[in-house]
Amino acid sequence: MYETALFVQLLVFIVVSSYLVTRRCFSIYHPAVLYAGFHFIVFVLRPILASYFNYNVGIYSIYRFFPTADIKVTTILASMLGFAVFTLVSTQIGASPVRFAAPETHETGRRQYRDSFLVIAAILGPIAIYSLQHTYRQAIGDVEFTMIMSRASGHYLNTTGNGYAVDAQMLAVPLCALCAWMFRYRLLAFLPIIAFVLLRAGTGNRGPFVASLVTLGLLYAYEKRIRLPNWKVLSLLLVAAMLFRTVGDDRGASVRGVLQNSPAASWANSEVRDNRFLESMDYQNEAFLQYIVWVVPEKSQTYDYFLDNLEVLVAPIPRVLWPGKPDAEPFPQVRLFDFGFPIGMTKSLPGEGWFALGWIGVILWCGLAGYILGRLYEKFAVGRSNIFFTLGYLCFFPSLIISFRDGQLISVLRQSVWYVLPVILWWAYARQRAGKNVQRRSDRGPHTPTSVQPDTGFLAKLPPAVRRRRLALANKPESPSA
């Protein structure tokens, strides 16, 4: 019966993906395309491999549960439902094709906002570097690792440090990619992202440096007006995938060995390390969802009703200021660790929906995610926003893969806030500078319109109303909010 469900899952994926491909919004910038890739890997391809090669025997033993055929089939159906709902809602809300900005928009943005970008980079860069070097020193053993895992929630907790100081290195994700964009992808402009990738890979943690490479690929593809990845973008993604696998195998030991010019020990357990294709914990969302279906609601006798997302209210408060701070959500209805040992588990979007309210929860949660992300995409796609919103969306987009995998609201905020914060601060600072320039002009006296050249070339071919508007805008002080 389970094998039949896997075959049906594959057919449903083909049908829904065929619908997605025919939509005008189909491109590498749409969240439904990213979710389709995520769903195919963890809920379609890997379960087939796991069924034939017994991938999940180890995880079942660790988690102390062995799902029945009914639980496995229910898991497949829940993941299919979530995929279909997310795709349909997001493509209906975000239905417009990408309208790429004109090439001169990028050049104008670089020329007009380069100085303000360098100021923001000079402020945030040292913070990211300090955080990154501290994490790297932990990896090589110079600094003691003081985080402990809570037995109640399975979350790692800071015992001496501060979570903001640890996560601040993720500021480098957008800053390094934007540096390459700002300086037109010249060789020297890649030095920051190369350094970040090597140091972050040396820590054994992979997500942020992959996100930085994906952001770089998106920025390049958008400027070159690429809707589907060409060989350059695919090459960059292939490099990111190879680094992801290499670093995962030895937890960065090979990279540390290169940086230290000497052999480095790996803190991964070589006896239990997964070596087969897609076997590692990074791709086991199907097994994680099986555990949730196994617990909720039969064993827990209740649903969570989305209350675990209230963690967003307590997570920003440092533990040093709140000694009794909850390990996770403030009002837990279901404790998954009461029924097994689901260490390293992530819920995924359909898993969070099931955890909250069963079948109805899957529809509500995946539909809500599709609606919000569809709205963001639509604002990006129509091309009516300024350059900062466009850059912010492209920096935010790679964080969605973690959001799809984790499923909870806190996961979105924990990652994306660092990815978009530099762009927000850059926009605010550029706007303030523009306001001061306008004030200086007004202090010097009435504004004198600039001389207008005769209507020649492209401008002469435009309708009269469009020409008048362009000439009027040319005589206004430039502003990042224009």
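Author: Helices here are DSSP runs of H or I with at least four residues, and strands are runs of E with at least two, numbered from the N terminus. The model is predicted, so local features need pLDDT of at least 70 and side-chain atom pairs pLDDT 80 or more, while totals for chains, interfaces and linings use all residues. Residues are numbered from 1 along each chain as its sequence is written, and side-chain values use heavy atoms, without hydrogens and water.

Reader: What follows helix α14?

Author: Gly383, whose phi is positive, near 75 degrees, follows α14.

Reader: How do you know that α14 falls short of the span of a straight helix?

Author: The expected span is 1.5 Å times one less than the number of residues. For the 34 residues of α14 (348–381) a straight helix would reach 50 Å, but the end C-alpha atoms are only 26 Å apart.

Reader: Where does α14 bend?

Author: The bend, of about 135 degrees, is at Leu357; this is the angle between axes fitted to the seven residues ending there and the seven starting there.

Reader: What makes a set of residues a nonpolar core?

Author: Its members are buried Ala, Val, Leu, Ile, Met, Phe, Trp, Tyr and Cys residues joined through side-chain atoms within 4.5 Å, where buried means under 20% relative accessible area with a 1.4 Å probe, protein chains only. The largest such core has 103 residues, and Tyr29, Phe86 and Trp426 have the most contacts inside it. Helix α14 gives the most to this core, with 11 residues. A second, separate core has 6 residues, including Val73 and Met80.

Key
Buried < 20%, exposed > 50% of the residue type's maximum accessible area, 1.4 Å probe, protein only.
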